[in-house]
Amino acid sequence: MPLVIERKPLTKLEKTWLPQIIGGLKTTFGYLRKESVTLQYPEERPVIPENYRGVPTLVKDPNGRVKCVSCQLCEFVCPPRAITIDPGEIPEASEQAHVEKAPREFEIDMLRCIYCGLCQEVCPEEAIFLQNVYSVTGTTREEFKYKKEKLLELGGPLPDRHFKWDKKKAAAESGNGGH
Amino acid sequence: MTALSGTIPVFASLEGAPIALKAWILGMLENMGMPEPFLMLVSIQLSILGFFSVFLLLFVLASWFERKILARIQNRRGPNRVGPAGLLQPIADGIKMLTKEDIVPVAADKVLHACAPVLIILPAFLAMAILPYGKNMTPVELEVGILLFFAVSTATELAVFMAGWASLNKFSMLGAMRAVAQILSYELPLILAATSVVMITGSLSLTAMVEAQGGYLLGILPNWHVFTPWGFAAFAMFFISALAESNRTPFDLPEGESELVAGHMTEYSGFKYALFFISEYLGLYVVCGFAVALFLGGWQAPLPFLTFIPSWIWFFAKILCLVFVAMWIRGTFPRVRVDHLMNFAWKFVIPLGVMVLVSAAVWHLAGRGPLGWILSLPPLLIPYWLMARAYGRNYDAGGRVYRFAE
Amino acid sequence: MNPPSETGSPSPNPAESPRYRTAGYDSDAQLLEVSLGPQHPSTHGVFRMNVALDGEDVVKLKPVFGYLHRNHEQIAEQVSYLGSMPYTDRLDYFCSLSNNWAYAAAVEKLAGIDVPERAEYIRVITSELTRLVNHTSFLGFMLSDMGAWGTVLMYAFREREKILDLFESLTGSRMMGNYMRFGGCRCDLPPGWLEQARKVVDGYPAFLDEMESLIATNEIVISRTQRIGRLPADKAVNGSMTGPCLRASGVNYDIRKVDRYGIYDRFEFRVPLGDHGDCYDRLMIRFLEMRETLKILRPALRDIPEGPVMDPKARQRNLRPPEGEAYARVEAPKGELGFYLISDASDKPYRYRVRPPSLINLTLLEDLCLGEKIADVMVILGTIDIVLGEVDR
């Protein structure tokens, strides 16, 4: 049994079509006095929520170490193939020699990037983050190819909970390295 | 009250200010020993300059005002970057329009394409000459002013069609054809509505019509035509037809942007486009000016104790009110369709216009008093109600029933 | 599929109606052939219609699309299963979360992955909110197509923004959600999200009432939509139209009811059906659907259980479903959105195919528009509610 949605037939007054027209005008007139809901953009900035997906950036740990170890997982997962990593060894003499590897070059083509956040999801080192930068500008294609320095500058240091590599080093030094 | 009485002399002196200014300039020139024909020429030029500059200023204001009103209706703020509250925005727009490239399509009829924007702005200015702006402030005192208005306002369609034809664009052509049909159809109700005033006033002169609306009923209610049954109906008709004549929403079919891109203006750019734009607003002002003169008492103050405010201020205030209503309507309603527009004109407004004439005649014969009120209402209400009912039968507005499945 | 209901279908043979006078068209008369689009203010993107006009009447209409073709299906066969998830956002960019769900459901079916209960609730909530977003902006766009100078559009966008804010705080992006994963959702609801969502849902009826008062009985809207673009039920079924457009023609077909996918069987909601199948019905069905959507959202926001949002066993990267094929569909706001996948046990789908509701609904455009005025073409196109991202893929 179909249920009928009640829609009232027009009243005598409504059959003159005037109340509907006046009602519409009244609605719009009501808004004339109301405060506007828009944001005056360059002066007022929108509130960026916690897990906003802005421009992908590289981050450092609180000790200033570049967290990326150039495992290239992000490069492989990136759907539009915007990430290019040139992995490099860390020189023995460096105090970060205990870390596996470091990127020699890390490039994200912002014209290809679709801000999907898969790189952040797969990163085992929590080194790449989509942070709150949402406005990317440039005048040439080259300008949109963000190199390592630019990505690190955008990322900045982030707090680290694990200090995975430092712990590994400490473990190796105390004699029960490996696993 | 004391503050008010202090301002009264200031206002009173403003009353004749425009005329005094003109007289002063003329007097100065006379003292400089200018010949008589030259003085006459200057006198004419001064009047022309006066209302050119006033209306162009009003146009500038209107384009700002319209964007503000629409923005406020739509929960936005509107232009607010250029100048205080965005007031200089129209000037920025003007500069932009002037500096833009003037693109003429290769296949276009170049002469007509250039003529059309100039031609379209002329009628608006011509019609301005006969508007009674204030007491003794009609630039050209014509005995048959209202006839000139109709003659001139129809001329816009020539320019619109010229623009559409010359552009050699299908959208332009469709828009132009729509415009011709629309302006022709709505000319008739416009004339019918004005005729009722002519009947009552017994004159074709606008000044006489305004003066006929002077005085106050019972000392408070102004004696305007709009406060009579026939006058109200005629005013509503006049205003609707005026919107259609000046291609305003909901009757902006000729430029209906969602279907015809920009109608007859599709192939215009730069300052030629700006001229179309200006003419649209000036046309709106002029036609609202006529509505004010015919039905809203022209330059008469709405209340007896407000007469100290100069008459020309009242006139422009009333025009601005009507322009505001036009903008408000623009912010509210969607566009009608071309055949509905024609049906509305020929099957609704024009028959009603004839009934307005009947009603006005009854009002006049019944002595323009309470008896007139009683007798002149039925010829309006009964046809209106019948026609609205007939219209409603075409559609099932509220009667439509929806079911839920299961 | 249900047979077309007898009561609901308009006159069975439209060729008999005087509106459809194409058959006996006098070929000597000069037709005006206009190409509406791909750059046109109201073709909803880069869509083109080659229209032949007799005066203002449409006698021929040929939709031309493909201007926004992005090779979505081919790309999806080149990237991993997870890799096409963000691309599904860009199909119908108004309803990214419904698209996510449809794709996730297809992969889950293929790989046999279960979805935790909380994730099912989140999926229902987000995709019903998506429906609100879509139908709300539909109203705005359609009224703009009618020439209402953007007022209704702005009101619609005002409300839509509130839901987009919710999406932003949940998924990190306003429109490109990329939120669903195989076996659940990417992340849990942020704290306070449910309260915010409840507030939006509670405020919605007032907005709908306002819109109805502005639109539903407006004389111009009625005259522009009623008896325009009538679609008989049998024709709609033959053209495999789905979604609100099909239901406006009186066919009771809602995949939420037919398939009862997800947890839709737990909610009380009704499927509104139109009688005439014209533009006005398509408009009103959306109003009624939004009210039903609110009926789903309220209990869903109330009953959502605690728990994980992701099946811990489900692999995202390197997902290699067993050989086989799967077709999963959801009731997207525009109609039946389906994903068809064939797996050859590698990490990429062997075949990936989208059944986009916009494209298939659009195929009936010519039948709807013939004999109508050119101004109605825009309204009819508006009521079909297409998004070019989905039409062209």
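**Reading a sheet and a helix pair**

6 bridges join strand 3 of chain A to strand 4 (residues 102–109) of chain A, and the two run antiparallel.

User: Which strands form the open sheet in chain A, and in what order?

Analyst: Strands are DSSP runs of E, at least two residues, and helices are runs of H or I, at least four, numbered from the N terminus. Two strands pair if DSSP finds at least two bridges between them. Here 3 strands of chain A make an open sheet in the order 3-4-6, with antiparallel pairing. Strand 3 (83–88) and strand 6 (145–146) of chain A each have a single partner strand, so one side of each lacks a neighbour in the sheet. Remember that this is a predicted model: local features need pLDDT of at least 70, side-chain atom pairs count only at pLDDT 80 or more, and totals for chains, interfaces and linings use all residues. Residues are numbered from 1 along each chain as its sequence is written, while chains are lettered from A and ligands numbered from 1 in the order written.

User: How should I read helix 2 and helix 3 of chain B?

Analyst: Axes are lines fitted to C-alpha atoms, for helices over the stretch in contact, with angles from 0 to 180 degrees between N-to-C directions; contact means C-beta atoms, placed from the backbone, within 7 Å. Helix 2 (residues 17–31) and helix 3 (residues 36–73) of chain B pack at about 150°, axes 10 Å apart. They are therefore roughly antiparallel (over 145 degrees).

User: Which residues of helix 2 of chain B meet helix 3 of chain B?

Analyst: Among them are Ile25(B) and Leu29(B), and the helix 3 side includes Leu39(B) and Val42(B).

Note on methods: Parallel < 35°, antiparallel > 145°, perpendicular 65-115°, else oblique. Contact = placed C-beta atoms within 7 Å.
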